[in-house]
Amino acid sequence: MENILIIISLYTLSIAFSEIAYYAGYNNHISRSFSQVSAAIVSILLPALLPLDQVLYIGVGFTIVMLIAKELNLLKGIYKHNNEEIGPVLFPIGLTIAAITFWGFQPAVFQICCLIVGFADSLAGLIGKSFGKITYQFSVEKTIEGSLVFFLTSVAIFILMITLNNLSVDASRIGRILASSVILTITEGSFGNGWDNLVLPFASGFTAVWIFV
């Protein structure tokens, strides 16, 4: 019980960080990134602290909280004003689905799901909105600069995780890392309005399994 209360408190703090950032004058996409990155950091602790059933309870609980906040126009640091984006609702759903799917593999697989959607996606959004000049569009407009940052961050995450898990960084694995990062970059670029939060954790898990075998 102590561990689940710690995790819930940390997730609540991640939401509070975004609200503090918003009311301190940061743009909404920056304050929301604070929440997404900090929530991803908390999520990588889950395999070490909680069993899967408690993770599912937390995922469902925070999905409900995010949905209520959206309907009541709360959490202005996370939700854009007058926007139909449902990314904050889909974020816990995406990670919960990833937990159900990949919990039986080594913890690094689920942790990669968290890091990709938390860091790679957030950095891509920040750079794309702040500095992106070259745009393209599948479902919504994205930037080449943001997608390049997503690709490079994904590569860095994969290399970091295989190094921490004492796996060899040979030519075959490097090839799978690069191919996986391309796949995930295309996935991220193909979904907008928060739907990448649902798809990316699932896609990241499958690529991580492929890399780790």
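Is Phe 102 buried or exposed? I found that Phe 102 is buried, with a relative accessible area of 2%, where buried means under 20%, exposed over 50% and partly exposed in between, taken with a 1.4 Å probe on protein chains only. I note that this is a predicted model, in which local features need pLDDT of at least 70, side-chain atom pairs count only at pLDDT 80 or more, and totals for chains, interfaces and linings use all residues. Residues are numbered from 1 along each chain as its sequence is written, and side-chain values use heavy atoms, with hydrogens and water left out.

Next I searched the whole structure for aromatic pairs and found nine; rings of Phe, Tyr and Trp (its six-membered ring) pair if their centres lie within 6.5 Å, and planes under 30 degrees apart count as stacked, over 60 as edge-to-face and the rest as tilted. One of these pairs joins Phe 102 to Phe 105 and is tilted, at 6.3 Å centre to centre and 45° between the planes. I looked up Phe 105 too, and it is partly exposed at a relative accessible area of 42%. Another entry is the edge-to-face pair of Tyr 136 and Phe 138, with 5.6 Å between centres and 70° between planes; Phe 138 is exposed, at 57%. Ring pairs also link Phe 102, Phe 105, Phe 202 and Phe 206 into a cluster.

How many disulfides are there? I counted zero, a disulfide being a pair of cysteine sulfur atoms within 2.5 Å. The sulfur of Cys 113 has its closest cysteine sulfur in Cys 114, 6.5 Å away, so it is too far for a bond. Cys 113 is buried at 0%, and Cys 114 is buried at 0%.
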